Amino acid sequence: METPKIFESEYRFCLVLWAHEPISTAELVKLCQQQLGWKRTTTYTVIKRLGERGVLKNEGGLVTARVSKEEAQVSEIDALMEKKFQGSLPAFLAAFARRQSLTDEEVEEIRRIIEK
């Protein structure tokens, strides 16, 4: 199953959800008001929209994610790589490495990941 697209403001909402799930809609409304400055109606609209797209489940007033934070991040990186680097991981890594100052430990960790 393909991971549904999560837009930027929705992603910020999902960060709140992922940190507190499972969570009641009432508590989620309070947290979104505190952390995102959202009104109650905005939160309910986002819950409905993400539910329709399969990102979350809202049953009996209890909200849980159907898409994990890791799945959302991987999906976004895949889309970025395809759009900007024609799906080329080496081109993506080369662009990233040119813009970052990597420590020896980070380089070694990347090597270990690649070797797996």
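Buried means under 20% relative accessible area. The legends below describe a predicted model.

**View 1. Thr64, a buried residue of strand E3**. Thr64 lies in strand E3. Its relative accessibility is 19%, so Thr64 counts as buried. Which residues touch Thr64, leaving aside its neighbours within four places in sequence? They are Leu17, Glu21, Pro22, Leu56 and Lys57.

**View 2. Helix H3 from end to end**. H3 runs over residues 40–52, which makes 13 residues. How far apart should its ends be? At 1.5 Å a residue, H3 should span 18 Å. The end C-alpha atoms are 19 Å apart, which agrees with that expectation. After the helix comes Gly54. The phi of Gly54 is positive, near 85°.

**View 3. The buried side of H3**. An α-helix has 3.6 residues a turn, so residues three or four places apart point the same way. What do the buried residues of H3 pack against? Their partners are helix H1 (8–20), helix H2 (25–36), strand E2 (56–59) and strand E3 (62–65).

**View 4. The other face of H3**. Now look at the face turned away from the buried side of H3. Which exposed residues does this face carry? They are Lys48 and Glu52.

**View 5. Helix H2 crossing helix H3**. The axes of H2 and H3 come within 9 Å. They cross at roughly 120°. That angle makes H2 oblique to H3. The crossing is right-handed. Which residues meet where H2 and H3 touch? H2 brings Thr25, Ala26, Leu28, Val29 and Cys32. H3 brings Arg40, Thr43, Tyr44 and Ile47.

**View 6. Helices H4 and H5**. H4 covers residues 69–85, and H5 covers residues 89–99. Their axes come within 10 Å and cross at roughly 90°. Are the two helices roughly parallel or roughly perpendicular? H4 and H5 are roughly perpendicular to each other, because angles of 65 to 115 degrees count that way. On the H4 side, the meeting residues are Leu80, Met81 and Phe85. On the H5 side, they are Leu89, Ala91, Phe92 and Ala95.

Technical notes:
Residues numbered from 1 in each chain as written. Predicted model: local features only at pLDDT ≥ 70, side-chain atom pairs only at ≥ 80, totals over all residues. Heavy atoms only, no water. Helix = DSSP H or I, 4+ residues; strand = E, 2+ residues; numbered from the N terminus. Expected span 1.5 Å × (residues − 1). Buried < 20%, exposed > 50% of the residue type's maximum accessible area, 1.4 Å probe, protein only. Contact = heavy atoms within 4.5 Å. Axes fitted to C-alpha atoms, helices over the stretch in contact; angles between N-to-C directions. Parallel < 35°, antiparallel > 145°, perpendicular 65-115°, else oblique. Left-handed = near helix turned anticlockwise from the far one by under 90°.
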